[in-house]
Amino acid sequence: MKKHIPQLDYLKSIFIILMILFHLVYIGDTYPYLKKVVYTFHMPIFLILSGYLSGIDKSIKQFFVSFWWLFLPYSIMEFGYVLVASVLPVREQIGDLSVLNIIRRILIDPVGPYWYLHTLLLCRIVHYFISRLFQYKLDNWGLLIIIGLCFWGISKGAGLMSFSYSMYFLAGIGIRSFNLDFIKLFSPSVWSIIPLIVLCCFPENLMEFNLAGCAIVYLMVSFLLKAYPLLPLPLVRLSLFIGKNTLCLLLFSPIFTMLSRMYLSLFMFEPTGICFALFTLVLTVLGCFAITWCMDKLKISPWFFGQNKMLKA
């Protein structure tokens with residue numbers, strides 16, 4: 001087991017906040033270029049971190065228990081999102097509410113922000129079983145090639161996930177498999193901001209899996225890691241708390257981003273959308289934590305998350 005690296009929680013906190021902000025339709029429509037920049041790096045970095053933290057040191061029983069307690073909340077929230085998308089004016093319109101279509105959305109083609117959990121579940125199960133099967137038969141490079149081929153088959157053959165996103169998960173696996181120091185690998189540097197800005201100025205670079213897109217991902221992590229020790233202590237503590245609780249933010253944030261449409265008109269006095277974005281961000285984070293806290297207190301968390309207490313201090 002690797003020791004806990006607080007910088008990873010810090011990174012997760014930044015990218016979950018960006019996810020919430022740019023799932024606000026008004027913000028995405030007001031700043032489409034900035035949204036494209038953020039989408040180039042925020043989910044790829046999340047998947048690198050997920051691959052890095054995806055261990056194979058569990059028994060088969062332990063793995064399936066952890067798999068189930070991620071699959072269950074994902075399925076419940078995806079089901080809820082499908083129901084809401086069928087009646088509210090969201091971009092992912094769902095006309096067919098048949099049982100087969102709902103099952104298809106959960107298992108094959110999720111809508112809303114829950115595609116990340118769907119991809120994460122697929123990547124984890126492939127990583128675990130391929131690693132266990134070939135653990136003593138192949139070296140690290142061989143394992144990575146086999147896992148990558150499985151990701152390719154699931155992505156291109158079955159169409160169950162994005163191949164480019166799965167490659168970022170594979171990169172995280174590789175970092176861990178070769179026992180590389182995550183912080184040193186990304187070489188924290190304040191100077192990363194210069195090439196990062198230059199690359200982001202050209203729209204053709206804003207793709208998650210071309211060479212420039214990969215460079216943007218690397219440079220963003222490098223710059224943020226350099227900024228970490230410069231932050232004031234209260235902000236560090238807040239970021240670490242948010243980073244440890246990203247799952248509840250990912251699961252429950254769509255509730256608040258959808259509700260934000262109801263009060264958007266109240267913020268039309270400020271056309272930049274900054275006041276609306278900040279208010280909704282605070283409301284969403286506090287609301288998600290409140291829901292999780294209530295589930296802990298009401299003893300719902302053991303049935304929903306498989307844990308007595310989900311909100312981590």
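The model is predicted. In it, helix H1 packs with helix H13 at an angle of about 15°, whereas helix H6 packs with helix H7 at about 140°, and helix H3 has a kink of about 30°.

**H1 with H13**
- Helix H1, spanning residues 6-22, and helix H13, spanning residues 246-263, pack with their axes 10 Å apart and at an angle of about 15°, which means that H1 is roughly parallel to H13.
- The crossing of these two helices, H1 and H13, is right-handed, and the contact is formed by Lys12, Ile16, Met19 and Ile20 from H1 together with Thr246, Leu249, Leu250, Ser253 and Thr257 from H13.
- By class, the residues in the contact of H1 with H13 comprise five nonpolar, three polar and one charged.

**H6 with H7**
- Helix H6 (residues 115-134) and helix H7 (residues 140-157) have axes 10 Å apart and pack at an angle of about 140°, so H6 is oblique to H7.
- H6 passes H7 in a right-handed crossing, with Leu122, Cys123, Val126, His127, Ile130, Ser131 and Phe134 of H6 making the contact with Leu143, Ile146, Ile147, Cys150, Phe151 and Ile154 of H7.
- Eleven nonpolar and two polar residues make up the contact of H6 with H7, which has no charged residues.

**Helix H3**
- Helix H3 (residues 32-53) has 22 residues and reaches 32 Å from its first C-alpha to its last, close to the 32 Å expected at 1.5 Å a residue.
- The kink of about 30° in H3 is centred on Val38.

Terms used. Residues numbered from 1 in each chain as written. Predicted model: local features only at pLDDT ≥ 70, side-chain atom pairs only at ≥ 80, totals over all residues. Heavy atoms only, no water. Axes fitted to C-alpha atoms, helices over the stretch in contact; angles between N-to-C directions. Helix = DSSP H or I, 4+ residues; strand = E, 2+ residues; numbered from the N terminus. Parallel < 35°, antiparallel > 145°, perpendicular 65-115°, else oblique. Left-handed = near helix turned anticlockwise from the far one by under 90°. Contact = heavy atoms within 4.5 Å. Nonpolar A, V, L, I, M, F, W, Y, C, P; charged D, E, K, R; others polar. Expected span 1.5 Å × (residues − 1). Bend = angle between axes of the 7 residues up to and from the residue.
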